[in-house]
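Please work through each task before reading its solution.

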Amino acid sequence: MLCSCQTEKKQQVYDLAFLRSRNITCGTPKASLASIFPLSSIKDSANIIDHPRYLEAGESSGMDLILPNDNRTPAGTLNNKTLKLDLEIKWGDFRMETADRPGLKLVAVGEVGKPATIPSPLVRIKKGGIIDATVHNTLKDSTITLYGFQKRPYSVKDSLHILPGETRKVSFEAGEAGTYLYWIKLGKGSKKGRFGEELEQLAGAFVVDPEDGSAKDRIFVMNVFSSKHKQKDGEDLWLESLTINGLSWPFTERIEPSVGDILHWRIINASKRNHPMHLHGFYFDVLERGNVQKTNIFDDEQIPLVVTETMRGRTTMQMRWEVKRPGNWLFHCHLSFHVTSDIRLPDADKLDPEGVHQHMAGLVLGIKVKDGPSDLIAKGTPKNLNLYATESSDQFSTYKFSDQNTDKTFTPGDLLVLKQYQTTNITVKNAMDEATSVHWHGLEIDSWSDGVPSWSSSDGRSSPAIEPGESFTYKLSTMRAGTFVYHSHLDDVNQLAQGLYGPMIVIGENEVYHPELDHFYMMGWKTAFPGKPEDLDLNGWQEVPDQQAKLGETHRLRVINIAPAGNGWVRMTKDDKIIPIKAIAKDGADLPLPQQHEVDVSPRLFVGETADYSFTPTEPGVYTFKVNYMMARWEQTWIVTAQ
């Protein structure tokens, strides 16, 4: 991406927001890219190699190819519970799309005698096994530091330093069963790097199976590489590679299960970034959360049920989900800057088929469920609604029940209140001058209504990009009561920042909606580059309204984060003292009783997540509900009176 000094407004907005999303700043390169192997004069050879080396389509550096790793085949040779690994770190040419498209010259890890891979080779062994590893550093100018080659769990972090051209051996017991990772840092573990670059391609999965084996599973590793590159014309360019098992959408592997399959996936976030991982159309169980050092395998009653699970930097997850209906679905990071087509390498789009525009890239997996039965239930008379995508003269947009243009006040879309099991047909009419789409986030619906243009399809139908002046009718199934959100799934960064999102509440089949007891708090952005609190939004409020409540009555607080990036949290206070609120739902799914608990401050809510809390005032007076989101702080006064 272009640096902030560039003049093209849209690109500048994207780049600054992109940098903010990673908490990094722009800088000016201090080193030349003239040499493939710039030798260091630093005595301990702990410098970081000058990355990256851009490869044009068809260009080759003459180095070996770095291949994507689908994590189906463990590395090494197993003999009597001892896994022998022979690894090397070396340079190579890497392409995250196809062999004929642009790529990067990178450092990667491979088994000796085999191509290096991204992610790094899969280390997999049963509990009680021994790992006997030999690691060769073929680099000419950089020490490497290997983390994660020690017995799990551990509290004291160890590491293995290997000088340029040297080889080291290490032997250790695998430890407790779980999903972990290992990673390599160029240099001797120094945290400083050039311009905030990321070299997270040097990492892989480390899985310890129980002695009696694991359920059949798949392993997906997310790797990130980014750095600034000086072009021939002297301009600075951010180059990125965000991959799942070494490939970037739309070239990632297609998963092709059948209805009725139960899938076990191990997801490894090998990068330093946070990734809120969202599954379209289905809920999934989070069986395990871990990291480099340790893991936590949940007891049955504590297993979270979600549609979006945020994975912090260098963490792991084991998930399980049942395939309940056919069609095309997605599993992807919901942070918009990690899936936008803007992260593709320069000129990659020139090799796309004529007339094809890839509106997503990066951390996305495609799921193509074979034809089969559906679990969807419909009761009663269907409901029909019109929803208009409108825009104002100052370029803000929103979804409204009316086709009248909005004024210059930013506002999210209108609240949709739906009924469990009642089919709702929503005709979205596009009154804007650009195409849009709507994804019904969290709902279990037919794929053709899921709202991802050029992908969502089933039963011979598909979700289109709704062009200006055109309309499309989505069929919404509402399988459970809860808090959901609808939003654009096209040009996400810009359209979300324009206001193309809104809240959805599904009321239980035998319940009544009481708006005076039911409140939503939706966090978003009002610009693609928020630099001050006024650039962030809560419910479109210019001023936060007071809330009236009575002693002893229970209120439901529905908290939603649907910004391009960022996270927030909430809490209730009275006289500057914390008043606990009770966690009762996550992502639209009611929490089982063992998981319902009171919290002083809510957990951080990341992009694509919703969370519900109940609040029952036990004494009259003035309370304050506080919403913290990035640099913004909102306070709502609650006035509680006696019955």
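**Exercise 1.** Over the ring of which residue does the charged end of R152 sit?

Solution. This is a predicted model, in which local features need pLDDT of at least 70, side-chain atom pairs count only at pLDDT 80 or more, and totals for chains, interfaces and linings use all residues. Residues are numbered from 1 along each chain as its sequence is written, and side-chain values use heavy atoms, with hydrogens and water left out.
- Criterion: NZ of Lys or CZ of Arg must be within 6 Å of the ring centre and within 35 degrees of the ring normal.
- The ring is that of F206, with the charged end of R152 4.2 Å from its centre.
- Likewise, R461 places its charged end over the ring of W448, 3.7 Å from the centre.

**Exercise 2.** Classify the aromatic pair of F220 and W265.

Solution. 
- Criterion: rings of Phe, Tyr and Trp (its six-membered ring) pair if their centres lie within 6.5 Å; planes under 30 degrees apart are stacked, over 60 edge-to-face and the rest tilted.
- The whole structure holds 25 aromatic pairs.
- For F220 and W265, the centres are 5.2 Å apart and the planes at 70°, an edge-to-face pair.

**Exercise 3.** Are F220 and W265 buried or exposed?

Solution. 
- Criterion: buried means under 20% relative accessible area, exposed over 50%, partly exposed in between (1.4 Å probe, protein chains only).
- F220 has 2% relative accessibility and is therefore buried.
- W265, also at 2%, is buried.
- Both belong to one aromatic cluster, whose members include F284 and F331.
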